[in-house]
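Try each task first, then compare your steps with the solution.

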Amino acid sequence: MAKKIYIADDDRTIREAIKTFLESAEYDVSDFENGDDLLAAFAETPADLVILDVMMPGSNGFTCCKILRETSHVPIFMLTARDSDLDYQTGMDLGCDDFFTKPVSLMSLVMRVKALFRRIEYERKGATKCSEG
């Protein structure tokens, strides 16, 4: 079964480009134009990864990250056009797992998604072996 990824970004071009690249890597991708819609979808059907734009109308990426962290350990990637250490620190302090500045290399993003899921699978298998031993 394909891993489910949610993307929230108010820029349709960026959303569609990321979605196209991730779908070509055989992920199940849903995209949202704002954080509020993503949060509503996540409450109904959680995803395996969430990609959030920092600057969006309504609930921005930082707010969404904070809300998701209150109830979930889902991996979160943050995207922003603002290249400041403060944004990076804020995202990491809120619990995001990776942080990208725009324009983002779509190939790099896909490779980091794959690496994240490999690591999660490796850790899951390792935990299973430890509990059996």
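**Exercise 1. Find which residue of E5 stands opposite Thr-80.**

Solution. Thr-80 faces Thr-101 in E5. Next, look at the strands: E4 covers residues 76–80 and runs parallel to E5, joined to E5 by four bridges. Strands here are DSSP E runs of at least two residues and helices are H or I runs of at least four, both numbered from the N terminus; two strands pair if DSSP finds at least two bridges between them.

A word on the source: this is a predicted model, in which local features need pLDDT of at least 70 and side-chain atom pairs count only at pLDDT 80 or more, while totals for chains, interfaces and linings use all residues. Residues are numbered from 1 along each chain as its sequence is written, and side-chain values use heavy atoms, with hydrogens and water left out.

**Exercise 2. Work out the strand order of the open sheet and name the strands at its edges.**

Solution. Start with the order: the five strands run E2-E1-E3-E4-E5, with parallel pairing. Strands E2 (28–32) and E5 (98–101) each have a single partner strand, so one side of each lacks a neighbour in the sheet. On average, neighbouring strands are turned by 15° against each other, direction ignored; axes are lines fitted to C-alpha atoms, for helices over the stretch in contact, and angles between N-to-C directions run from 0 to 180 degrees.

**Exercise 3. Decide which residues of H1 are buried and how they are arranged around its axis.**

Solution. First, place the helix: H1 (residues 12–24) lies across E1 (4–8), E2, E3 and E4, at about 175° to E2. Finally, turn to the face pointing away from the buried side, which carries exposed Arg-12, Thr-13 and Ser-24.

**Exercise 4. Count the disulfides, then check Cys-65.**

Solution. The count is zero, where a disulfide is a pair of cysteine sulfur atoms within 2.5 Å. For Cys-65, the nearest cysteine sulfur is that of Cys-96, 5.6 Å away. As for accessibility, Cys-65 counts as buried because its relative value is 0%, and Cys-96 is also buried, at 7%.

How values were computed. Buried < 20%, exposed > 50% of the residue type's maximum accessible area, 1.4 Å probe, protein only. Contact = heavy atoms within 4.5 Å. Arc of directions from axis to C-beta.
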